Amino acid sequence: MARSTKEEALETRGRILDAAVDVFHARGVSQTSLADVAAAAEVTRGAIYWHFKNKGDLFDAMCEQFRLPMEALITNSVDESAIDPLGQFRTWCLFALEEAVHNPQMRKVFGIILNKCEFVDPTEPIYMRQQECFIQGRVNIQRILRFAVAKGQLPRNLDTELAAVSVQALLSGFLDNWLFKPESFDLGAHTERLVDLCIYMLKNAPQLHKV
């Protein structure tokens with residue numbers, strides 16, 4: 001039995017997204033055209049425009065495909081009814097770093113986001129989308145920390161805004177440094193220690209207390 005048109009469309013869309021990951025990673029986002037992606041996916045430009053409005057829309061879809069599993073974890077963590085918000089936050093951090101180590105496609109996507117987006121125009125849709133995700137990520141971290149404070153898992157006088165900035169900077173720094181030169185240190189061997197370092201800092205650093 002012939003596959004349905006819907007199945008074929010989904011297969012084509014997936015092939016385009018996989019090709020976008022490879023080409024964005026190899027050339028950088030700004031140096032990649034939709035024609036480049038079409039060639040890598042072995043489809044016509046018309047096929048790309050059938051699924052995506054423009055390069056920004058394709059970039060968003062690529063990120064969304066790999067962001068969903070992490071967002072599912074973070075959504076549970078930012079639920080006010082969460083019993084162990086700090087434990088769920090730890091799980092989320094470990095998942096993100098371990099995916100970078102063990103999932104080649106996810107590693108490429110992280111590399112694209114952190115090192116392959118050559119932004120020159122602050123009004124560029126891709127740049128604006130990345131800013132939104134960056135800020136939303138910090139907001140989610142701060143919400144989790146507030147819930148952890150309410151549960152007595154973190155100090156009552158923790159400055160959750162400054163703490164969220166610090167944790168985000170540490171985690172993205174670990175990942176960025178490793179992606180830039182993976183042989184410089186073994187991220188896979190030290191993932192738990194690095195995440196626990198962040199949590200230790202949240203629990204014990206007086207510099208993160210409100211003044």
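User: Where does cysteine 117 sit relative to the helices?
Analyst: This is a predicted model in which local features need pLDDT of at least 70 and side-chain atom pairs count only at pLDDT 80 or more, while totals for chains, interfaces and linings use all residues. Residues are numbered from 1 along each chain as its sequence is written, and side-chain values use heavy atoms, with hydrogens and water left out. Helices are DSSP runs (H or I, at least four residues; strands are E, at least two), numbered from the N terminus. On that numbering, cysteine 117 belongs to the loop between helix H6 (104-115) and H7.

User: Is cysteine 117 buried or exposed?
Analyst: The cut-offs are under 20% relative accessible area for buried, over 50% for exposed, and partly exposed in between (1.4 Å probe, protein chains only). Cysteine 117 has a relative accessible area of 13%, so it's buried.

User: Which residues is cysteine 117 in contact with, leaving aside neighbours within four places in sequence?
Analyst: Contact means heavy atoms within 4.5 Å. With those neighbours left aside, the partners of cysteine 117 are Val29, Phe59 and Ile112.

User: What does the secondary structure of the chain come to?
Analyst: Reading along the sequence, you get the pattern α-α-α-α-α-α-α-α-α. Counted up, that's nine helices and zero strands.

User: What share of the chain's contacts between residues at least 6 apart in sequence join residues at least 24 apart?
Analyst: For scale, the C-alpha trace spans about 60 × 40 × 35 Å along its principal axes, and buried residues make up 39% of the 211 residues. Of the contacts between residues at least 6 apart in sequence, the share joining residues at least 24 apart is 69%.

User: How are H5 and H9 oriented to each other?
Analyst: Axes are lines fitted to C-alpha atoms, for helices over the stretch in contact, and angles run from 0 to 180 degrees between N-to-C directions. The axes of H5 (residues 85-102) and H9 come within 10 Å and cross at roughly 150 degrees. Angles under 35 degrees count as roughly parallel, over 145 as roughly antiparallel, 65 to 115 as roughly perpendicular and the rest as oblique. That makes the pair roughly antiparallel.

User: What classes of residue make the contact of H5 with H7?
Analyst: The axes of H5 and H7 (residues 125-150) come within 8 Å and cross at roughly 145 degrees. Pro85, Leu86 and Phe89 of H5 make the contact with Ile141, Ile144, Phe147 and Ala148 of H7. By class, that gives no polar and no charged residues, and seven nonpolar.

User: How are H1 and H2 oriented to each other?
Analyst: H1 (residues 5-27) packs on H2 at an angle of about 120 degrees, with the axes 8 Å apart. The two helices are therefore oblique.

User: Which residue's backbone oxygen does the side chain of serine 184 reach?
Analyst: Serine 184 is in the loop between helix H8 (160-180) and helix H9 (187-204). Its relative accessible area is 43%, so serine 184 is partly exposed. At 2.6 Å, its side chain reaches the backbone oxygen of lysine 181.

User: What is phi of glutamate 42 near?
Analyst: Glutamate 42 is in the loop between helix H2 (34-41) and helix H3 (45-51), and at 71% relative accessibility it counts as exposed. Most residues other than glycine have a negative phi. In glutamate 42, phi is positive, near 60 degrees.

Conventions
A polar contact is a pair of N or O atoms within 3.5 Å; within protein, one must be able to donate a hydrogen and the other to accept it, and residues adjacent in sequence count only if both atoms are side-chain atoms. Ala, Val, Leu, Ile, Met, Phe, Trp, Tyr, Cys and Pro count as nonpolar, Asp, Glu, Lys and Arg as charged, and the others, Gly among them, as polar.
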